[in-house]
Amino acid sequence: MIGYGRIHQKPQSRNGAITKMISQRLLKYYDSLEVNYHIVENPDYEHLVVPNNNSKQPIHRWFHLKEGFSYDLLENVIRDTDLFKCDSLSLLDPFVGGGTSVVSGLMMRTTSKDWPIYACGIERNPFLKFVADTKVRALMMGPKKFKKTVQQIVKAYKAYNSEKRILEKIPDLSTFHNRGYFNEETIHKLLALKTAIKTCNGPELEKSLAYLCLAGSIEAVSSLRKDGRALRYVPDKNYTDVLDEFMKRADVIEADILELSYHESIGQIFLGDGRIPELSIPSGRQFNLVLFSPPYPNNIDYTEVYKLESWFLGFISDHDSFRKQRLSTLRSHPSLVFPNIILASQNGHYEQFMELLTPVLEEIPRNANMTSRNRLVMGYFDDLLQTLINLKLLITKGGYVVYVVGNSLHGSHEDHFLIAADVIIAKLAEIAGYKVKSYINARMLNRRKLAGNHMRESVVFLQKE
Ligand SMILES: C[S@@+](CC[C@H](N)C(=O)[O-])C[C@H]1O[C@@H](n2cnc3c(N)ncnc32)[C@H](O)[C@@H]1O
C-alpha cells in the first residue's frame, strides 16, 4: 500500500479572503481512482439531480423535499439505458425519501398496458415513508371523497378553535414550546386542526391526505426554515395563517386528483432499511432497475430536518424513540455515535474495503473532528457496500443500479477534507461485482474548483452482468 501523507496546497491570498487549503495527495488519490472511468459532463442531468420543478408537478408537489431529485430523472435514466427493450419495468428505490422515483414510475407517460410497471421504495424515516406512501396510494386508488372530508375537517376545526377545546397535547419536542418559533395562537390552531382530522370520520386515505396538508403547513406557519442540516430561526418571516396554508395545500391536492388518470401499474412503499432491502420487499421480487440517492456524507440528519413533522403527526413521541430513529439510519451523519460495526469484516471484502479507504482515512485532518470523521468514512462506506451487495441479489441479470450522489467538503480553512463519495461508491460497486457502465458529472458544486473536478454531484450507472 502506498503511503499517503498529508500535503496541502500552498496558501494563496485572494482579495484578502481566507485561504483555503486542501490535501493535494487526497485529490490525486481520487484522480487515480477514477482514471479508468470515462466521466462525461452531461448538462441534461444538471437539473435532474435536484428537485427541479417538483413543486409544480402533480403529486410530487404535495410535499416538497429539498433533498430530493427531479421527477424527470427516471425517464432520462430509462432513456439512457436499454430498459425499454424489457417487457416491463420493475423499479426499486431503497432510499425513497418523499417518493419521487416511485411516483414518477407510476406516472410515466409511456405507461400503457404494453409496459407494465411495478415500482416500490423503502424509507427509514416514518414521516417520509408516510409522505411517499400517501402519494402512491392516492395515485393508485384515486381518493373520491377528499373535498367532502376537507369540508368536514374545516367545520370541526372552526368549532375546536373557537371553543378552545383541544383534544391534542403539544408534542414534547422543545421547539413546539418555544413561543418565538410558534406563537400561542399558531400552536393552538395547529392542535385544533390535528384534532379535527383525527376525529373526522372520512375515509382513511382522505384523512392521510389531510395530515399531509397539515404536515406541509407546520414550517410555513412557524418562524423556522429548513436550512441544510438544521432549522434556522427567521424572526421576520411572513406570518401565514394555519387554515389558509392548509386550504392552499388541500386545493392543490384536489386539483391534482381531478386530473389523475388511473392505470394498472403497482406501487408500494415500505418502512424499512434500504441497506437490507430483502427484508422489506415481497419475497421473490426481482428488479431490472434500482434507482436511488442515498443520504450524502454531508452531515445531514434527516431525523433532525423532518423532526417538526415527525413529532407533530405523532410518528415520534419521545426522546428515546427520537434517538432510536436516528440510530436506525444510514451512517451519514455524526448526530450520534453509531455502534462501531464494520460489516465488511464479515462479507469477505474487508481487505479491498480497507485498501480503498486507508488513503482517505490518512488524510483526515488531525483535529477535534478526526475521530468522528474517521467513524463517518468507515460507517458510511461500509453501509453502502452492504447495500450494493444485498441489492445484487434482487437484480435481474443485465439489470441496472443507478445512484445519484454528491461529494462533500468538510471543515473550513486549513482543515478542509473532501469525501468523494461518487468514485468511492463506484469502486465499492466493483468490489461487489458490478460493472460501471457510465459515469455522469451532473453538476459542479463549487465553481472555484477548490477540489479540482471533485466537488460535484454525479449519476453513476452500474450493471449486473
Ligand atoms: C437523499 S434522500 C432521498 C430523496 C429521494 N430521492 C426523493 O427524491 O425524495 C435519502 C433518504 O434516505 C433515507 N434513509 C436514511 N437511512 C436510511 C435507511 N437505512 N434505509 C432507508 N432509507 C434511509 C432518508 O430518510 C432520506 O429520506
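Colleague: What volume does the largest cavity have?

Modeller: Let us begin with the general idea: rolling a probe the size of a water molecule over the atoms shows where empty space is left. Please keep in mind that this is a predicted model. Here the largest cavity has a volume of about 120 Å³, and the structure holds 2 cavities of 30 Å³ or more.

Colleague: Which residues lie nearest the centre of the largest cavity, and how does its lining divide by class?

Modeller: Of the 13 residues that line the largest cavity, Arg 331, His 333, Phe 338, Arg 375 and Leu 376 lie nearest its centre. When the lining is sorted by class, the largest cavity has 7 nonpolar, 4 polar and 2 charged residues around it.

Colleague: How much space lies in the second largest cavity, and which residues line it?

Modeller: About 70 Å³ of space lies in the second largest cavity. Its lining includes Pro 51, Asn 54, His 60, Phe 63 and His 64, and also Gly 98, Thr 100 and Lys 135. By class, the lining of this second largest cavity is made up of 4 nonpolar, 6 polar and 1 charged residues.

Colleague: And now the pockets: how much space lies in the second largest pocket, and which helix gives the largest share of its lining?

Modeller: The second largest pocket holds about 540 Å³ of space, and it is lined by 19 residues, of which His 64, Gly 216, Ala 220, Glu 245 and Arg 249 lie nearest its centre. Both α7 (204–220) and α8 (242–259) supply at least two residues of this lining, while the largest share, 5 residues, comes from α8. Sorted by class, the lining of the second largest pocket has 7 nonpolar, 4 polar and 8 charged residues.

Colleague: Let us turn to the backbone. Which residue other than glycine has a positive phi near 65°, and where does that residue lie?

Modeller: As a general rule, most residues other than glycine have a negative phi. In this model Asn 53 has a phi near 65°, a positive value, and Asn 53 lies in the loop between β1 (39–41) and α2 (73–79). Asn 299 is not a glycine either, yet its phi is positive at about 75°, and Asn 299 lies in the loop between β7 (287–292) and α9 (302–305).

Colleague: Why does Asn 53 count as partly exposed?

Modeller: Asn 53 counts as partly exposed because its relative accessibility is 33%, and partly exposed is the class between buried, under 20%, and exposed, over 50%.

Notes
Residues numbered from 1 in each chain as written. Predicted model: local features only at pLDDT ≥ 70, side-chain atom pairs only at ≥ 80, totals over all residues. Heavy atoms only, no water. 1 Å grid on protein atoms, 1.4 Å probe; cavity = no way out; pocket = protein on both sides within 12 Å on 5 of 7 lines; lining within 4 Å. Points joined across faces, edges and corners; volume = space filled by probe spheres on them. Helix = DSSP H or I, 4+ residues; strand = E, 2+ residues; numbered from the N terminus. Nonpolar A, V, L, I, M, F, W, Y, C, P; charged D, E, K, R; others polar. Buried < 20%, exposed > 50% of the residue type's maximum accessible area, 1.4 Å probe, protein only.
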